[in-house]
Structures are given as structure tokens and as C-alpha cells.
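The exercises below go through one protein structure step by step. Try each task on the structure before reading its solution.

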Amino acid sequence: MTLAPAWLPSALVSDIDGTLTDQHKILDIDAVTGLRAIEATNIPVILATGSVTPTAQSLAQFIGTSGPVISEGGGVIWWPQHGLEERLADGGRARQAANWLAEKIPGLDPLGIDSNRWRTTEWCLKAHHDAEVVENLLKDSPYSELVVVATGFAIHIAEPGIDKWAGLKVAAEWMKINPDHIVAVGDAMNDLPMFEHVGWSVAVGGAFEQVRNVASVAASEQRGQAVSRLCADILMSI
């Protein structure tokens, strides 16, 4: 059982990459079916991702989720059905930091990952770089306030306080839902802030060990199959 006994969430928030998809970003259709079934019971689904808004909003539309979309690791919150949008940072310092790092790390491309062309509140370096080296260099730099988070898909550079919990807090306020009544599912380090503030959290199989240790429950099913199992457990509890 992936859900707390005798507990029913008012909303479900799900990461995308590595949670609804496998490590190659292939979407799990069983997870999509499960989320649609949850939506059919009037439990809204929120997507929270480190990816950019066009990707996240397109997926939300194709799946049929009704909750806000949280993108760029929490920096952008968008609920187009209600005409609401908020950006928590401008990303300028992160972009400058990437250029500074390119002068310190041989072979580092400051343009980073392809989706940076749509990124507005943070900046992402390619995942093959050493995140610990990036973090240590920034600690002793003009950009020491910035936060570095490696997700396995990219190395995110963001302003302090910009994370998925910051985005989810805005979304929950818009929806008038107590975070204690939200279940979150994810796999990576950038999911930890929201795991620490919601009523229940599920780490999918294949998640970072630190994430599995913090989650309310660590699922045995891999990635999208764990989301499918969570959705089935919610439906059984209704």
C-alpha cells in the first residue's frame, strides 16, 4: 500500500522526469491512465517539474490534469484555466553564474541544456558535469548565494528559496488546499522540499536514495508503475 491508511488526499502532485517517465524520458502510459482516473474522481492533479513551462503545460493538457503546473523546479507556477501565473525569480544571476563557471571548468558549455532557450527563472547545465565541483566553485564565487541541485537529467542553478515547495505553496493557496492534504510523488533531489511539507509522499522505485529515505513510503514499483500503483490505492480508498 502506497497510501496512508484511512487517508484520502485533496490533491496529487507528481514530478515528471523519472517519475511519470523512465530514465530515457519515455512516458509511462499506465501512469497517465492512473492520473486520468484520479482526475475523474475530482481529485486535481498538479504537475511539478524541473522542466520548462511549455513542456509541462503541454503534458498537463495531453494528460488532462486540472491543477496548476509548477515548472523550472518551482520558479514558475501557471494555472491557465484560471488566468493565474507567477514567476518567483528572473534567472539572471543563474545565467551569469553559468558564464562564470565556463571560465573555470574546461569544456563546460554555458548555454547548458537545450530547453534553456525557454527557461526564465533558473539555468541548467548538462547532467554529465560534476555537480559537486559546480557547487564548490560557486560557494567561493560572486554567486555564492545560488543553489545547485542535480536531478540526473540536468544540474539546476537557482536562487535560494526557489524550489518545488515554493511553487507548490503558491499552487495550494490558489486552490485553497491545505498542503497536509496533498500527496506528492517523485524521484529526485528537487522533490525533497515538497516531500517535507505535504501530508504524504511517495518515492518511486529508481529514486535517489536520499529521496527514498525521506519519503513517507518508498514504492517497490519502478517510476511510472509506482505512480500507477499510487493512483490505484487512492481509488481503492474512495
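Is Asp-15 buried or exposed? Work this out as a start to Exercise 1.

The model is predicted: local features need pLDDT of at least 70, side-chain atom pairs count only at pLDDT 80 or more, and totals for chains, interfaces and linings use all residues. Residues are numbered from 1 along each chain as its sequence is written, and side-chain values use heavy atoms, with hydrogens and water left out.

**Exercise 1. Describe the setting of Asp-15.**

Step 1. Asp-15 has a relative accessible area of 4%, so it is buried (under 20% relative accessible area; exposed is over 50%, partly exposed in between, with a 1.4 Å probe and protein chains only).

Step 2. Asp-15 sits in the loop between strand E1 (11–14) and H1. Helices (H or I, at least four residues) and strands (E, at least two) are DSSP runs, numbered from the N terminus.

Step 3. Leaving aside residues up to four places away in sequence, Asp-15 touches Leu-20, Ala-48, Thr-49, Lys-164, Val-185, Gly-186, Asp-187 and Asp-191. Contact means heavy atoms within 4.5 Å.

Step 4. The side chains of Asp-15 and Thr-19 make a polar contact at 2.7 Å. A polar contact is a pair of N or O atoms within 3.5 Å; within protein, one must be able to donate a hydrogen and the other to accept it, and residues adjacent in sequence count only if both atoms are side-chain atoms.

**Exercise 2. Find the buried side of helix H2 (residues 53–63).**

Step 1. List the buried residues of H2: Thr-53, Ala-56, Gln-57, Leu-59, Ala-60 and Ile-63.

Step 2. These residues cover an arc of only 160° around the axis, so they lie on the same side of H2. The arc is that of the directions from the helix axis to the C-beta atoms.

Step 3. Gln-61 and Phe-62, on the other side of H2, are exposed.

Step 4. The packing partners of the buried residues of H2 are helix H1 (29–40) and the strands E2 (45–48), E3 (69–71) and E4 (76–79).

Step 5. After H2 comes Gly-64, with a positive phi near 100°.

**Exercise 3. Compare Asn-42 with Glu-72.**

Step 1. Asn-42 has a positive phi near 70°, and Glu-72 has a positive phi near 55°; each is a residue other than glycine.

Step 2. Asn-42 belongs to the loop between H1 and E2, while Glu-72 belongs to the loop between E3 and E4.

Step 3. Asn-42 is exposed, with a relative accessible area of 71%, whereas Glu-72 is buried at 1% relative accessibility.

**Exercise 4. Describe the interface of domain 1 and domain 2.**

Step 1. The assignment gives domain 1 (11–87 + 162–236) and domain 2 (91–158); such bounds come from an automatic or database domain assignment.

Step 2. The C-alpha centres of the two domains are 24 Å apart, and 19 residues of domain 1 are in contact with 13 residues of domain 2.

Step 3. The area buried between them is about 1,100 Å², with 64% from carbon and sulfur atoms. Buried area is the accessible area (1.4 Å probe) that two parts lose on being put together, summed over both.

Step 4. Val-52, Glu-72 and Asn-190 supply 39% of the area that domain 1 buries against domain 2, more than any other three residues.

Step 5. Four residue pairs are in polar contact across the interface, both residues at pLDDT 80 or more.
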